[in-house]
Amino acid sequence: MTGAARVLLDTAVDGTDAMGQLGARLAAVLRAGDLVVLTGPLGAGKTTLTRGLGAALGARGQVSSPTFVLARTHPTNAGPDLVHVDAYRLSDPVELDDLDLDWDASIVVVEWGRGMVDGISDSVLDVEITRATGADASGTSESDDPDDVPDEPRRVVVTATGPRWAGVSL
C-alpha cells in the first residue's frame, strides 16, 4: 500500500441494524477494483456489515460468512460482483492468491485480511470493528454465525490508504 492512511470515519455503531446501514453507506462509495479489509474479533459484525453492503449493491444470494468455502462471489443487480472472502483459515497470502479472484472487476471484501492482502492493491479501505472488552460470542446466538450476537455498541474506524481514496468522504 502506498500513500498516507486517512481516517474516513470513526463512529459508534449501536447494533445489528446500524451495522448493516453502515455497510450500505460504504457501498455507496465502492466501485470495481476496490478492496475492503475487515478486521475485528469473532462476533464483531464483519459479516453483518458485509450483508448491508451486499443488500445496498443488490447482491444475489445470501451473504453469509464464507469461513469454510473461503470465498463467495455474489453477482449484483447492476455493477461489479461482490466477492466476499474469509481469510481466517488461510495461513499465508499465497493461499489467498490461489483463490484466483477477479480483483480488478469486483468489489472484494476480505474478512481477517490484514497482512494477507498486502501488495494486491495500492488502495485499500480498512474497516476495524471493536466491541467492549469481555464481550463473548460463544453461546449467545441460536445460529452458527458468530456475528449474530446480541446488539451491543461497537466502534468502527474506516481508514483509507492509497490514491483511490483521495477526495472520498463518508
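Buried means under 20% relative accessible area, exposed means over 50%, and partly exposed lies in between (1.4 Å probe, protein chains only). By that scale, Arg 114 is partly exposed at 42%. The model is predicted, so local features need pLDDT of at least 70 and side-chain atom pairs count only at pLDDT 80 or more, while totals for chains, interfaces and linings use all residues. Residues are numbered from 1 along each chain as its sequence is written, and side-chain values use heavy atoms, without hydrogens and water.

Start with the charges. A salt bridge is a side-chain nitrogen of Lys or Arg within 4 Å of a carboxyl oxygen of Asp or Glu. The structure holds six. One of them joins Asp 34 to Arg 164, with the closest N and O atoms 2.8 Å apart. Asp 34 sits in the loop between α1 (16–27) and β2 (35–39) and Arg 164 in the segment after β7 (154–161), so the bridge ties together parts 130 residues apart in sequence. Helices (H or I, at least four residues) and strands (E, at least two) are DSSP runs, numbered from the N terminus. Asp 34 is buried at 4%. Arg 164 is buried too, at 15%.

Arg 164 has a second contact. Its charge lies over the face of Trp 165, 4.1 Å from the ring centre. The rule asks for NZ of Lys or CZ of Arg within 6 Å of the ring centre and within 35 degrees of the ring normal.

Now return to Arg 114. Its side chain meets Asp 126 in a salt bridge, 2.7 Å from N to O. Arg 114 lies in the loop between β5 and β6, and Asp 126 in strand β6. Asp 126 is buried at 14%.
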